[in-house]
Amino acid sequence: MTHTEEDLLRVVYFSYQTYDTDREMMAWEIDKILEKSQFNNGRFNVTGALIFNSGVFGQVLEGPIDAVEETFERIQMDERHDHITVLDTSRITERSFPRWSMGFIGSDSVCAELFGEIGSKTAFDISRLSGQQIFETLHALTLKNEISDRAA
Amino acid sequence: MSQHHSAVGMTDPSSSAAPSDDPSVEILHGLRDAGVGLVALSANNEISFVNNAFLAAFDLPETECAAVLGKSFQDVCPTCPLPSSTLRRTGDETGTADAASDRTAKIIWSSNSAGGWIGVVTAPPSQAARPALLFEPDELTGLGTRKHLKACFERMSEDADRRDQRIVALFVDLDHFKQVNDTLGHAVGDGLLCKVAERLKKTVRRDDLVARVGGDEFAILVSDRALPAAEDVAGRIIKMISRPFLIDGHQITIGASVGLAARLPNENDPDKMLQRADIALYESKRGGRNQFNWFKDEMFAELEKRREIEIDLRKAVLLDQFKIVFQPQMSFEQQKVSGFEALIRWDHPVRGEVAPLDFLSVAEETGLIVEIGTWVLAEACKTAVTWPEDIAVAVNVSSIQFEDDGFLTAVGSALEKSGLSPHRLELEITETTLLKNDSVVLERMNDLRALGVRISLDDFGIGYSSLNYLRKYPFDKVKIDQSFVREPFADENAHHIVEAVAQLGTAFGMNVLAEGVETVEQLARIRQNGCAAIQGYLIGRPIKPAEIGSFLEVPLPELASLQSPPKEGSTS
């Protein structure tokens, strides 16, 4: 199962945070996750976006199939989240998140504004978004340059 | 004992999972997993580095390397004299110190420029007396094999006896692995096994041993003072394996069933223990998978009973011991018998009549159900062709039979050989079949319908009973389970459910039948609830094929009560 560099895979999943911490700790934890993701993903040529809100993580990973699968596997072994649901896997020819390793959509005020439409539809519950919706939302956000790349 | 397996993975799994480009990290990993015991002390005798082999030499395998960092060497190894107390510090001086343990591991100490010490364990007696175990990894996953597990078990037993520990064998079997192999191919299946092996290695504790003992079977030896430690490991394995996998761009979700068995006192051969764990595993599978069970003695007896049934079942097919009986179904609209459900009976010369409940599950587990089901299908069609043209025959199809590659051919052949026209054949499937791969099931249903055969959803109302099934799959008929019809289970709420399902099914163009109707009152109610047909003792018990002719000649006595159906305004 070897693949060439041109074989790109995109995975969209969401999962639930397993630990219960206060807001500050949460931000710190997320920073750590981001830092590690950016480090690992930069090395493996995997890019993507991370969204976090109300205890739910949503993530898009893009890159060479083997590298994405390896990264995904590493994420699976992480005890900090659970009930992982893959919403979509698709072969792509072009990355939608080419320039940065991992972004973070953080606290509620930014989200509330940007997610206004989805928020009203879904009671602000990422887990109820489809893979395509999470992907499109994250993509739109990066284009708007609204994401603070906090761990960079 | 299991150093081959415990290489990496002693710290944060996410950091050790990936190969590192940083040479110093590589070196650190190498030292940590080196076969020789190493320790480094700071000037004030705190441990600044220690590896697995060192801890093992001092019989401290339970301790995590990371957990003793920064601790006083004397606290961690109280039996070992401090180098600073026995050796003078003059430049590169080296010297040996004996650990005062009963097995006297020797350490050569060397002072370093920072004022600390580096200690190397030289030939600890336990290691010298116990040569490295032959390790021939399983080619695919790199895990140990059954052979290696056996060798390790002997060592673990010695250690466990000395340390007053218990050893538990975990037998792990992947749920739905065969489907992955069948639908996505062996390359993906192999990739999955490799990832499963990796997850297992990272999920168990450092001293646990993971081996691959069969196609999709793994065994793990856990040694601990308390048995619940093995339950923790089993629970974590089930959790980790149930998380999604990505293989070759495919998202795959499987599960793991686990059986646990503890080593008996003085048990020195792991085969028996593994066998017990395997029996417990079987219980986990039967219990619905994704769970673990401890072995219990009575499982042996149960297994023995089922084995005997299996042996007899194999003979029964050849010896023609099966019979089919037919239970009538009545349509309200036609006000007469509209069909019969074919039910299998097994008349064993010694056992007598064996209840279907007792042998069908064995037939499913062993796959014999395919052969038996094919026979029932052919026999039912052969019988039905002798009935009047407007009377159908319903045949139960197990999910295993439904998925079998030869099923479509079996149906076609049963129709062809009997000459029964396809629309008179109804195949009854249960939702167990629908729980499998959607698109495969849907395709098969469409293929069957293309033959002209009709399909019913059996036992609706128990289990998941997703209303989505009614929407998603092209059923011709829904059979409401008898528990909604018959007292004492059927209460007021059950009546509402019957009514709702009847309406919904009818709206989807399905014929809704209620099972288990035994009294005239039930019949009247079911009819009022909007069902189109009924089955049950009121209309007739299952009868032999030879009796069907005369049964059809006599009008159903209950029909008298149907001449003026109660309507009470619900005429929608």
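Modeller: The side chain of B:Lys477 makes a polar contact with the side chain of B:Glu426 at 3.2 Å, and another with the side chain of B:Gln329 at 3.3 Å. A polar contact is a pair of N or O atoms within 3.5 Å, where within protein one must be able to donate a hydrogen and the other to accept it, and residues adjacent in sequence count only through side-chain atoms on both sides. This is a predicted model, in which local features need pLDDT of at least 70 and side-chain atom pairs pLDDT 80 or more, while totals for chains, interfaces and linings use all residues. Side-chain values use heavy atoms, without hydrogens or water, residues are numbered from 1 along each chain as its sequence is written, and chains are lettered from A and ligands numbered from 1 in the order in which they are written.

B:Lys477 lies in strand β19 (residues 477-480) of chain B; helices (H or I, at least four residues) and strands (E, at least two) are DSSP runs, numbered from the N terminus. B:Lys477 counts as buried because its relative accessibility is 6%, and buried means under 20% relative accessible area, with exposed over 50% and partly exposed in between (1.4 Å probe, protein chains only). Leaving out residues up to four places away in sequence, B:Lys477 touches B:Gln329, B:Glu426, B:Ile455, B:Ser456, B:Leu457, B:Met510, B:Asn511 and B:Leu513, where contact means heavy atoms within 4.5 Å. B:Gly505 is 28 residues from B:Lys477 in sequence, and their C-alpha atoms are 8.0 Å apart in space.

One element of the same chain can be followed in a similar way. Helix α14 (residues 297-319) of chain B has 23 residues, which at 1.5 Å a residue should span 33 Å, and this agrees with the 34 Å between its end C-alpha atoms; the expected span is 1.5 Å times one less than the number of residues. Among the buried residues of α14(B) are B:Met299, B:Leu303, B:Arg306 and B:Ile309, and the elements that its buried residues pack against include α13 (270-286), β13 (322-331) and α16 (368-384) of chain B. After α14(B) comes B:Asp320, with a positive phi near 60 degrees.

The axes of α13(B) and α14(B) are 10 Å apart and meet at an angle of about 75 degrees, so the two helices are roughly perpendicular. Axes are lines fitted to C-alpha atoms, for helices over the stretch in contact, with angles from 0 to 180 degrees between N-to-C directions; under 35 degrees counts as roughly parallel, over 145 as roughly antiparallel, 65 to 115 as roughly perpendicular and the rest as oblique. Residues making this contact include B:Ile279 and B:Tyr282 of α13(B) and B:Phe300 and B:Leu303 of α14(B).

Elsewhere in chain B, B:Thr141 sits in the loop between α8 (125-129) and α9 (146-163), and B:Thr141 is buried, with a relative accessible area of 9%. The side chain of B:Thr141 makes a polar contact with that of B:Asp138 at 2.5 Å, and beyond four places in sequence B:Thr141 is in contact with B:Leu193, B:Cys194, B:Ala197 and B:Arg212.

Chain A has five helices and five strands, and 53% of its 152 residues count as buried.
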